[in-house]
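Student: I have a structure open and some questions about it. Can we go through them one by one?

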Amino acid sequence: MTTVTGADWPAWQASWDAQQEWYLPDREERFRVMLDMVEALVGPTPRVLDLACGTGSITARLLKRFPEAVSTGIDLDPALLAIAEGTFADDDRVTFVTADLKDPDWTTRLPYDSYDAVLTATALHWLHLEPLAALYGQVAELVRDGGVFMNADHMIDESTPQINAAERAQRHERMNRAKEAGVLGWTEWWQLAAQDPVLAEPTARRFEIYGEHAEGDTPSAEWHARVLREKGFAEARAVWRSPSDALVLALK
């Protein structure tokens, strides 16, 4: 692991969490349910793959709750990985891997052949349906028998357009009020990162890779569950929902 020094990593983690909570006020609730289900199905000492890990938000909560767990974080974003690597630089329970999940060989970069749990949150919506389904097939091969995969993300039920529109309008009104009160949104957070002496260069590389914001598909929780079963999981369903998001769990 390359250790990055010179930045206030706890402050950057707190800033990232606050920015994400601007979009997702129930963010901690989905993490709690995710870890509840990890404990219920694979126990308190899991080997975990933090998929599209960003700054290591899942890993941080995993290790706080389960000190004997180990985690592999994988992502392509150089700026968010810099924060993750800086945060966990002295923790031998954590390994980070740089890889593109659309690369068919990304699994060969991992330190383990199998995992008790593969966890991801608010990340895979930048993939379109076909590459997402292909990714689910790769994940199914990584999860051991009896292990789990969980994805908490935007999962829209297109059968209720009026409900969706009302919820979206109310959510954006709340977000606008929070921004007026000084909360950093996505654009403002990245502008701040670009001004940090340590994060400026990886932030520039990040925008070369992704542009302003990657846009993929947000199928329903039922689509995710069906595809996960088709790709080799024995059971799959939503175990938590909000008006716009869901946490889908698949059991191998």
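Student: What do the side chains of R144 and D116 meet in?

Tutor: This is a predicted model. In it, the side chains of R144 and D116 meet in a salt bridge, at 2.5 Å from N to O. R144 lies in strand 5 (residues 143-154) and D116 in strand 4 (residues 115-121), so the pair ties together parts that are 28 residues apart in sequence.

Student: Is D116 buried or exposed?

Tutor: D116 has a relative accessible area of 16%, so D116 is buried. R144 counts as partly exposed because its relative accessibility is 29%.

Student: How many salt bridges does the structure hold?

Tutor: The structure holds 18 salt bridges. Another one of them links the side chains of E173 and R177, at 3.3 Å from N to O.

Student: How far apart are E173 and R177 in helix 6?

Tutor: They are four residues apart in helix 6 (residues 161-180), so about one helical turn separates E173 from R177. E173 counts as partly exposed at 48% relative accessibility, and R177 is partly exposed at 47%.

Student: And which residue does R226 form a salt bridge with?

Tutor: R226 pairs with E230, and their closest N and O atoms are 2.9 Å apart. Both lie in helix 9 (residues 221-230), four residues apart, which is about one turn of the helix. R226 is partly exposed at 36% relative accessibility, whereas E230 is exposed at 54%.

Student: Which residues do salt bridges with shared partners join into one network?

Tutor: That network consists of E29, R32, D36, E39 and R65.

Student: New topic. At what angle do the axes of helix 7 and helix 8 cross?

Tutor: The axes of helix 7 (residues 186-195) and helix 8 (residues 200-210) cross at roughly 135° and come within 7 Å.

Student: Last one, T59. Where is T59 found?

Tutor: T59 is in helix 3 (residues 57-65). Its relative accessibility is 0%, so T59 counts as buried.

Student: What does T59 touch, leaving out residues up to four places away in sequence?

Tutor: With those left out, T59 touches D50, S71, F88 and V94. Also, the C-alpha atoms of T59 and G73 are separated by 7.6 Å, although the two residues are 14 apart along the chain.

How values were computed
Residues numbered from 1 in each chain as written. Predicted model: local features only at pLDDT ≥ 70, side-chain atom pairs only at ≥ 80, totals over all residues. Heavy atoms only, no water. Axes fitted to C-alpha atoms, helices over the stretch in contact; angles between N-to-C directions. Helix = DSSP H or I, 4+ residues; strand = E, 2+ residues; numbered from the N terminus. Buried < 20%, exposed > 50% of the residue type's maximum accessible area, 1.4 Å probe, protein only. Contact = heavy atoms within 4.5 Å. Salt bridge = Lys/Arg side-chain N within 4 Å of Asp/Glu carboxyl O.
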